[in-house]
Amino acid sequence: MNPVIPIDQLVDRVMAELERKLAPSNAATAQTAKTANPMPDIAAALPEVAESITDGERIAHVPDPKWEEGLGELLASTPARIGVWRCGTRPLTKEVLRFRCDHAAAIDSVYGTVDSSLLDEFGLFTVETRFGNTENYLKRPDMGRIVTDEGVERIRSRCAAKPQVQVVVSDGLSANAVEANLRDVYPSLMDSLQAYGLSAGTPFFVRGGRVAVMDPIGDILQPEVLVLLIGERPGLVTSQSMSAYMCYRPRRGTVESDRTVISNIHRGGTPPVEAGAYIGTVLKKMLEQRTSGVNLEL
Amino acid sequence: MKLAAAAFGRTFQFKDLKEVMAKANEEKSGDQLAGIAAEDAKERMAAKLVLADLTLGDIREHPLLPPETDEVSRVIEEAVNEKIFAEVRNWTVAELREYLLAQSTGNEEIRRISRGLNSEMVAAVAKLMTNLDLVQAASKIEVTTHCNITIGQRGILAGRAQPNHPTDSIPGMTASLYEALSYGIGDAVIGINPVIDSADSVKAILATTKEIMDKWRIPTQNCVLAHIKTQMKAIRSGAPADMVFQSLAGSQDGNAAFGIDVRLLDEADELIRREGTGTGPNLWYFETGQGSELSAEAHHGIDQVTLESRCYGLARKYKPFIVNTVVGFIGPEYLYDSKQVIRAGLEDHFMGKLQQLPMGVDVCYTNHMKADQNDMDNLAVLLAAAGVNYIIGVPMADDCMLNYQSTSYHDIATLRETMRLRPAPAFEQWLERMGIMENGRLTKIAGDPTIFM
Amino acid sequence: MVRQTEERVTKGTQPPASAEDRWITSVGIDIGTSTTKMIVSRLKLARTSGALSLPRYGITERLLAYQSPIYETPLRTGDEVDAERIWRILEREYEAAGIRPAELKSGAVIITGETANKKNARQILHLLAERSGDFVVATAGPDLEGLLAGKGAGADDRSRAAREAVANIDVGGGTANAAVFRRGKPAGTVTFHVGGRLIRLDAFGTVEGVSPSLRPWLNACGYRLEPGRKASFDLLQELCLAMSRDMLDCLAGKAAASRESVAALLLGAPLEPMPVLEEWTISGGIGQLMDSPKPSNVEEAAVHGDIGPLLAHSLKEQAGSYPAIRLGRPAQTVRATVIGAGMQTTEISGATVFLDAGLLPIRNLPVMKVDLAPAMLQRSESLEDLLERTMREGASLFGSEASPPFALAISGLQQAGYAEIQRLAEAIAGSYKRSFPGNRVFAAICGEDVAKALGQALERRFGPSPKVICIDQIRVDLGDYVDLGEPISGTMVPVVVKTLAFHRGEEVTDG
């Protein structure tokens with residue numbers, strides 16, 4: 001236990017505070033001061049940007065709601081598209097277009113690619129799976145689990161074998177997710193490895209990868225644990241969501257339930273920097289318990 | 001059993017019924033991924049030709065998955081009425097199609113004959129039908145069910161309110177539910193997919209939906225779509241559930257991957273009858289979808305249409321209140337584009353209805369499929385024409401928890417207006433009392449969720 | 001199940017992972033002007049995030065496990081409590097409840113009403129710190145008392161179903177603490193010099209004592225009451241009704257706080273603007289007396305030796321006479337405060353935090369607050385200036401001898417990425433080492449879910465000393481004191497936030 005303040009001093013401080021608050025005049029000032037100075041408006045500090053339909057604030061369109069204030073409360077309680085109103089039985093034009101814009105962003109992230117300068121920033125070299133093209137990637141997930149012969153060769157020649165922790169990044173179903181989150185997740189992950197005294201092998205990027213590409217990579221490099229940071233299937237709320245799949249000694253034949261996953265990593269969901277910091281904790285436990293997935297106690 | 005056909009100047013020979021069934025399917029990426037699809041359009045037609053001439057007896061005598069090793073097969077086999085089967089065993093699949101489409105064949109005739117069919121025969125006939133065939137045959141079949149209210153009558157289109165929330169926030173779910181009710185949606189069920197699969201969480205959601213139903217005297221039923229074991233735990237601890245829910249697969253090991261078997265379903269059935277809050281007699285909600293067996297590597301080389309039909313054979317045992325196929329949720333490796341999704345939606349609806357199930361469809365897609373909201377509009381209209389019992393209502397069709405797109409509250413309201421369909425009668429009376437609907441049309445206040453605050 | 005995995009094939013759910021429930025035991029003790037009581041509650045901790053999210057736990061159920069009888073508060077002289085006798089009561093009650101103080105993970109003692117003075121608080125604090133569970137501590141103040149009673153009486157819940165505000169007025173021996181809730185959130189508190197024991201009577205209506213705190217109001221209204229003189233039943237009744245009317249008029253927004261008699265009744269500031277009320281409930285000892293038969297003469301009125309029964313019925317009559325405000329039934333009356341204290345004060349931190357279990361628990365840690373704007377996180381210099389000032393201010397307010405001297409509450413990190421966290425850690429580490437050289441522990445409480453990342457970043461900069469405690473998803477403010485409990489499962493910390501001054505709109509909501 002750390003040094004404890006003598007109880008007398010503590011009591012004095014608590015009581016000083018208490019008396020200050022109990023005194024009528026002070027209490028009055030304290031209270032009005034709080035009312036008059038609400039939380040600083042953080043939006044005001046942000047630079048002004050042109051209004052965009054895709055990131056504009058949600059507003060209710062119900063023209064004559066029974067309870068105006070209640071409507072705001074409903075909207076604040078969910079990201080669902082409610083309070084949108086209608087023309088006849090159809091939605092209003094702006095809402096339809098907003099929906100289509102979000103869908104467009106999602107589609108583009110499936111068919112996009114990760115900028116090579118981002119990969120260079122973290123010294124990630126690239127290997128490919130046998131996905132061929134996006135259409136084939138979507139129809140044949142099995143191809144996204146097989147690294148090309150050239151890729152296998154590159155992994156063998158460039159990576160340290162039998163690392164304690166192997167980190168792999170892949171575009172998966174959203175290149176956009178990698179672009180949006182790698183700068184936060186990756187260094188935070190590396191810090192967490194350091195904090196737990198874990199050592200990492202040579203990281204690389206897999207183009208056209210699926211989750212189970214972890215297994216053949218496990219066969220090649222034989223890491224103790226492997227982390228795959230991979231783009232998730234995009235939704236309309238965000239096309240930038242990433243997952244971290246972790247597995248103790250992944251090998252061919254590893255089953256889904258042997259993998260531990262953290263999903264929904266993006267700035268509006270699981271905070272990327274916190275997710276990265278937590279990965280080290282999970283890996284440490286995998287190494288201690290020599291297991292992962294449903295058998296891992298977190 | 002004749003497994004060869006002469007066509008296009010050559011003979012196509014198939015090695016067994018399984019291969020014929022698979023290759024007779026319309027193109028599906030899932031069958032291609034499984035490596036069982038027809039090589040090309042000609043082989044597909046050859047398989048259809050062979051299938052058309054097979055008898056229903058051939059199909060029953062050559063089980064794709066023997067009842068001795070698969071309990072789903074057993075459930076289906078045990079349900080066949082031998083007398084009725086004997087009447088039709090020499091019919092070819094082609095004749096079955098023509099019987100179903102004949103003007104002289106109506107709801108009563110189909111209901112009778114359905115008792116002599118197994119799920120494979122139903123799948124077989126679907127493979128020979130065009131999209132419009134599937135619409136017309138299904139539209140003849142009326143399956144009404146009753147939990148707290150009756151749905152499924154001719155001329156009725158019900159909607160499931162699906163007010164999901166990404167963190168299971170009770171106020172957030174309530175907000176989306178108010179919006180649904182204000183558009184006249186929620187007569188099929190107030191059904192929520194939870195993020196957190198714990199009995200406490202399920203109980204809290206059930207209690208909240210029940211409270212809202214009680215407060216506003218809403219004639220409908222509630223359900224939380226957690227795993228069946230979690231629901232059972234919640235019900236045993238006093239949660240008010242009108243129905244129980246489970247996803248089904250068409251093979252025993254497919255169900256094992258869902259963590260269920262017939263014994264567990266029987267146990268849940270007994271529990272909901274004893275401790276559920278629904279009036280009944282229909283107290284189940286099942287969901288299915290083509291491709292789930294392949295994804296669990298539990299398909300046994302059987303095509304996804306046939307396996308889907310087998311899900312319905314299993315579902316039938318429990319006399320569900322509602323069943324729906326989540327047709328476009330599974331992803332492009334099973335249904336690649338809108339054409340495949342639309343086909344699958346019509347097939348599933350028909351196959352379920354022919355097995356006397358109260359079919360709804362989750363008309364939906366994910367963002368990595370080649371489909372968009374226009375395709376959902378199309379499929380929804382086709383299904384409304386086919387007499388679908390209900391479809392799914394999600395705010396603006398965008399499910400912010402499951403991250404896929406379905407049909408919206410607006411869509412259901414629009415289908416009702418354009419196709420002259422009505423909400424379930426008991427629910428419509430309530431909508432009128434609330435002033436949300438008048439003479440089957442939404443009123444001025446419809447679409448204002450704050451009327452429930 | 002599950003949302004948003006890279007490959008997902010069914011909308012249905014997978015078999016549930018076995019999640020064991022964890023329970024913690026919490027105690028509430030209320031030492032008031034006239035009565036003392038305690039309760040034991042069991043708080044259920046359950047995972048509130050999905051299997052694929054970062055772990056997050058919350059209190060999902062609060063069960064009342066035990067409630068003590070109501071004891072008369074043992075007094076030594078006048079308003080001075082007899083701490084020894086209180087301890088004996090508590091010992092007996094702990095035993096009756098079947099708990100050992102060591103099992104207590106959380107809870108609060110609240111010293112209320114006129115007993116809430118420095119001398120009493122000090123005695124009880126000492127007593128409990130030495131002999132009771134490591135985590136049971138004292139706190140006080142009419143704002144908090146009113147809030148706790150409001151929660152214990154269920155006014156926060158009732159307000160969720162109401163459009164306008166709901167008030168609970170907890171009326172005890174010496175004060176009436178009103179807490180106003182709107183849509184489930186506290187909107188404010190007001191305290192009045194209204195209570196059953198402010199005028200003490202013998203069985204024949206002879207005035208035995210008048211509390212000095214009531215004198216200004218009596219004077220403003222022109223009532224003359226002298227100890228030793230008889231007061232008529234009619235006068236007492238009229239007086240109680242007038243007192244009730246002044247208080248309720250004020251709460252109903254029907255009387256300005258400047259009305260002389262209202263001002264004399266107010267303790268501290270009125271609530272301005274007063275929210276429109278739809279319902280009120282009355283808890284406390286007086287709330288309970290509202291259910292007893294109405295006294296019809298002085299003997300019946302003075303059955304407890306004070307004006308309590310008369311006040312209760314005056315309040316009941318008066319509270320029912322406002323057409324727009326419903327008089328509701330509270331969930332609890334006499335135990336509302338203690339139940340609020342025992343059941344509603346504990347929160348649970350996020351489950352991805354950074355800590356050294358050996359450093360916990362820490363009691364009565366004052367809070368220093370820093371609000372960050374996103375723009376500020378972009379500029380190292382202004383960030384460093386701000387932290388430098390904050391640390392210096394903290395040192396002057398709370399001294400620098402304790403380790404840690406305070407908990408640094410950090411808000412505004414919603415959009416913080418890796419670079420921002422590093423910049424912040426740099427600024428904190430530098431300024432902390434300058435203001436508190438040689439200090440061995442640093443503690444931070446973040447509003448947003450970033451504690452593990454920030455903790456790791458700080459540790460890299462601090463090295464072996466100071467050690468870092470960094471927790472998150474708890475909202476605190478300057479002027480609060482916090483108790484950080486022993487970690488549960490090594491991953492999260494129960495926190496009791498003691499708010500000495502009421503602050504507005506600080507409740508964290510869903511979503």
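A residue counts as buried here if 20 or more other C-beta atoms lie within 10 Å of its own. Keep that cut-off in mind for this predicted model.

**Stop 1: chain A.** Select chain A. Of its 298 residues, 48% are buried. Now turn to contacts between residues with a separation of 6 or more: in chain A, 69% of them link residues 24 or more positions apart.

**Stop 2: strand β6 of chain A.** Select residues 259-265 of chain A. Is this strand buried or exposed? Of the 7 residues in β6(A), 7 are buried, so the strand is largely enclosed by the rest of the structure. For one facing pair, show M242(A) and I265(A): M242(A) sits opposite I265(A), which belongs to β6(A).

**Stop 3: where chain B touches chain A.** Show both chains. Here 36 residues of chain B contact 36 residues of chain A. On the chain B side, select α2 (29-33), α11 (170-182) and α20 (409-418); each supplies at least two residues. Which element gives the most to this side? It is α11(B), with 6 residues. Colour the chain B side by residue class: 15 residues are nonpolar, 15 polar and 6 charged.

**Stop 4: chain C.** Finish on chain C. Its secondary structure comprises 15 helices and 23 strands. Buried residues make up 57% of its 511. Take the contacts in chain C between residues at least 6 apart in sequence: 72% join residues at least 24 apart.

Key
Residues are numbered from 1 along each chain as its sequence is written. Chains are lettered from A and ligands numbered from 1 in the order in which they are written. This is a predicted model: local features need pLDDT of at least 70, side-chain atom pairs count only at pLDDT 80 or more; totals for chains, interfaces and linings use all residues. A residue is buried if 20 or more other C-beta atoms lie within 10 Å of its own, exposed if 12 or fewer, and partly exposed in between; C-beta atoms are placed from the backbone. Helices (H or I, at least four residues) and strands (E, at least two) are DSSP runs, numbered from the N terminus. Two strands pair if DSSP finds at least two bridges between them. Two residues are in contact if their C-beta atoms, placed from the backbone, lie within 7 Å. Ala, Val, Leu, Ile, Met, Phe, Trp, Tyr, Cys and Pro count as nonpolar, Asp, Glu, Lys and Arg as charged, and the others, Gly among them, as polar.
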